[in-house]
Amino acid sequence: MAVNRTPVLKRCRSLDLDPTFLGYDKKSNRTNARSNKKMSEYGLQLREKQKAKFIYGVLEKPFRNYYAKADRMKGMTGENLMVMLESRLDNVIFRLAFARTRKEARQIVIHKHVLVNGKPVNVPSYLVKAGDVVEIREKSKSLQRYKDILEVTGARLVPEWLDCDQAGLKGTVKQLPSREMIDVPVNEMLIVELYSK
């Protein structure tokens with residue numbers, strides 16, 4: 001499996017991204033030396049795509065597949081793409097504050113700690129639908145790991161499209177998010193421009 005091993009803060013610096021969007025509370029004190037150089041239009045489009053891929057932890061091929069699927073759907077392609085990325089199971093676990101970062105959420109899903117509508121799902125890219133109930137399985141709820149996670153993430157705001165019961169480590173997808181509900185600093189129109197060339 002391909003893994004991006006670039007240090008997170010270094011990658012955030014190069015993409016001009018705040019690490020808090022990834023669940024990290026560290027800050028980088030260094031500045032990006034190349035920031036004063038004017039970027040080409042293609043460079044800006046590419047950076048937005050890399051930013052979206054990096055935030056959601058998606059590699060190039062699956063990302064391209066998401067784009068193709070979003071393009072076939074009704075409505076705006078860019079918005080469809082963002083909604084699809086946001087409704088990935090690993091992202092929903094992160095948004096429900098059951099994981100500190102999306103990487104950790106991905107690991108929790110892969111290790112079969114998550115039930116969707118009562119059935120175990122171990123595919124991080126599983127797309128949730130409105131009405132789905134996502135919870136940590138009963139056997140895992142008592143683990144110290146989740147107590148530690150909730151201590152860190154307890155104050156995190158759960159988005160309005162999710163309903164969360166933190167004590168029971170359970171959440172419900174009230175509806176799929178609209179673009180206004182997604183607080184990710186990505187200009188999806190640039191991604192659409194890049195792919196439609």
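Lys53 is buried, at a relative accessible area of 17%; buried here means under 20% relative accessible area, exposed over 50%, and partly exposed in between (1.4 Å probe, protein chains only). The model is predicted: local features need pLDDT of at least 70, side-chain atom pairs count only at pLDDT 80 or more, and totals for chains, interfaces and linings use all residues. Residues are numbered from 1 along each chain as its sequence is written, and side-chain values use heavy atoms, with hydrogens and water left out.

**Salt bridges**

The structure holds 12 salt bridges, each defined as a side-chain nitrogen of Lys or Arg within 4 Å of a carboxyl oxygen of Asp or Glu. Among them are the following pairs.

| Pair | N to O distance |
|---|---|
| Lys49 and Glu60 | 2.9 Å |
| Glu60 and Lys53 | 2.9 Å |
| Arg88 and Asp90 | 3.0 Å |

Helices (H or I, at least four residues) and strands (E, at least two) are DSSP runs, numbered from the N terminus. Lys49 counts as buried at 9% relative accessibility, whereas Glu60, at 25%, counts as partly exposed. A network of salt bridges links Lys49, Lys53, Glu60 and Arg64. In the pair of Arg88 and Asp90, Arg88 is buried at 4% relative accessibility, and Asp90 is buried with a relative accessible area of 2%.

**Helix H3**

Helix H3 covers residues 60-72, and at 1.5 Å a residue its 13 residues should span 18 Å; the end C-alpha atoms are 19 Å apart, which agrees. The expected span is 1.5 Å times one less than the number of residues. The buried residues of H3 include Phe63, Tyr66, Tyr67 and Ala70. They cover an arc of only 100° around the axis, which puts them on the same side of H3; the arc is that of the directions from the helix axis to the C-beta atoms. The buried residues of H3 pack against helix H2 (41-56), helix H4 (77-86) and helix H9 (188-195), where contact means heavy atoms within 4.5 Å. Exposed residues Lys61 and Arg72 are on the face of H3 turned away from its buried side.

Strands E4 (residues 162-165) and E5 (residues 170-173) pair in the antiparallel sense over 4 bridges; two strands pair if DSSP finds at least two bridges between them. Asp165 has Lys170 in E5 as its bridge partner. The two strands form a hairpin with 4 residues between them, and Leu169 in the turn has a positive phi of about 50°.
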